[in-house]
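Please read them with the structure open.

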Amino acid sequence: MKSCIDTIQDYGLRAIGIGERLLPRSDFTLCEQFTLIGSGMIWNIYFGLMALVTGYFLAVTLALGKSASNPWARKPAEWFIFIFRGSPLFIQFFFAYFFFLSLKKSYPMFDMLTSAWAGALIVLFMNTAAYSAEIFYGALRTIPKGDVEAADAYGMSGWPRFRRIVWPTMMRLAWPAYTNEAIFLFHATTLVFFSAFPAWQQRGDALYYASYFADKTFNPFVPYPILAFYFILLTLAVVGVFGVINTRLNRHLPTERRPKMRLRPNLMR
C-alpha cells in the first residue's frame with residue numbers, strides 16, 4: 001500500500017503528463033481521489049485564467065465598440081455580444097468543435113484547435129469576453145458626466161482621457177460584477193468535460209477524474225464532494241485576489257463609500 005506522500009508524488013502532476021501514466025484500477029484510497037482530482041484542477045485553472053486574461057482585453061474593446069457612435073464599430077460589437085450571450089455555452093462548445101473539425105480536414109495546420117487545451121479555451125475566451133463586455137458597457141454608461149467634463153476642462157482628450165479618467169472609473173464601477181463573472185467562468189470550465197473536445201492522452205480536468213472514480217466505485221458521494229471542495233477553495237482565492245484589486249481601485253474613496261464585494265452567482269449561463 002502506497003503512502004499518501006508517494007501517491008502525491010506519483011499522481012500530483014499526472015494531468016499535465018508528469019508522473020504515473022496508468023490510473024489506479026481498484027482499492028481507491030481517499031488520498032488518491034484527492035490527489036488526482038486536485039491534479040485535474042490544473043486544467044480548470046488553466047482554462048479559467050487564460051480565458052479571463054485574454055477575454056478581458058477583448059471585452060474592453062467590445063464595450064468601447066458598443067458605445068461608439070459609428071455603426072461600423074457599434075454593430076459588430078453588439079452582434080458579437082448578442083450571439084455569445086444569447087446562446088448556451090454548452091451549444092457553443094459543440095458548434096465550435098465541429099467547425100474546427102471541418103477546418104482541420106481542409107487545413108491540417110488547424111489540428112490543435114480540435115484539442116481541449118486550444119479549442120475549448122477559444123470558446124471560453126469568446127464567451128467570457130461577451131459577458132464581460134456587457135458589464136463594462138454598463139459601467140461606461142454610468143460614468144458621471146462631471147468626471148468627463150472635468151477632464152475636458154483640463155484639456156484631456158482621446159487616449160489620455162480614456163487612460164486616466166474613463167478606464168479607471170469604468171473598472172471601479174464594473175469590478176464587483178466582473179468578479180462574479182470571473183467566478184462563474186471558473187465554474188463553467190467543468191463543461192469542457194461534457195463537450196466534444198477530447199482530453200489529451202486521458203489527462204483531463206478535475207471533473208474527468210471525479211467521474212472516473214464515481215464510475216469505478218459506483219459511489220458519487222466521495223469524488224464529487226471533493227471536486228466541490230476544490231472549487232470552493234478556488235472561489236475563495238478568486239474573491240481574495242479580486243477583493244485586493246477592488247480595494248486598490250477604490251483607494252481614493254473614503255472607507256464608508258467603497259463598494260462592498262457581493263457574490264451573486266448565476267444559476268444559468
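Which residues line the largest pocket?

1. In this predicted model, the lining of the largest pocket consists of Ile 165, Trp 167, Pro 168, Thr 169, Arg 172, Ile 245, Arg 248, Leu 249, Arg 251 and His 252. The volume of this pocket is about 290 Å³.

2. Two elements, H7 and helix H10 (223-249), each supply two or more residues to the lining of the largest pocket. H7 contributes the most, with five residues. Sorted by class, the lining comprises five nonpolar, two polar and three charged residues.

3. H7 (residues 158-188) also packs against helix H2 (residues 30-66), at an angle of about 145° and with the axes 11 Å apart. The crossing of H2 past H7 is right-handed.

4. On the H2 side, the contact is made by Asn 44, Ile 45, Gly 48, Leu 49, Ala 51, Leu 52, Tyr 56, Val 60 and Leu 64. These meet Phe 162, Trp 167, Met 170, Met 171, Tyr 178, Ala 182, Leu 185 and Phe 186 of H7. The residues of this contact comprise 15 nonpolar, two polar and no charged. Trp 167 is listed in the contact with H2 and also in the lining of the largest pocket.

5. The whole structure contains 29 aromatic pairs. One of them, Tyr 56 with Tyr 178, is tilted, with 6.2 Å from centre to centre and 55° between the planes. Because Tyr 56 belongs to helix H2 and Tyr 178 to helix H7, this pair ties together parts that lie 122 residues apart in sequence.

Technical notes. Residues numbered from 1 in each chain as written. Predicted model: local features only at pLDDT ≥ 70, side-chain atom pairs only at ≥ 80, totals over all residues. Heavy atoms only, no water. Axes fitted to C-alpha atoms, helices over the stretch in contact; angles between N-to-C directions. Helix = DSSP H or I, 4+ residues; strand = E, 2+ residues; numbered from the N terminus. Left-handed = near helix turned anticlockwise from the far one by under 90°. Contact = heavy atoms within 4.5 Å. Nonpolar A, V, L, I, M, F, W, Y, C, P; charged D, E, K, R; others polar. 1 Å grid on protein atoms, 1.4 Å probe; cavity = no way out; pocket = protein on both sides within 12 Å on 5 of 7 lines; lining within 4 Å. Points joined across faces, edges and corners; volume = space filled by probe spheres on them. Phe/Tyr/Trp six-rings, centres within 6.5 Å; stacked < 30°, edge-to-face > 60°.
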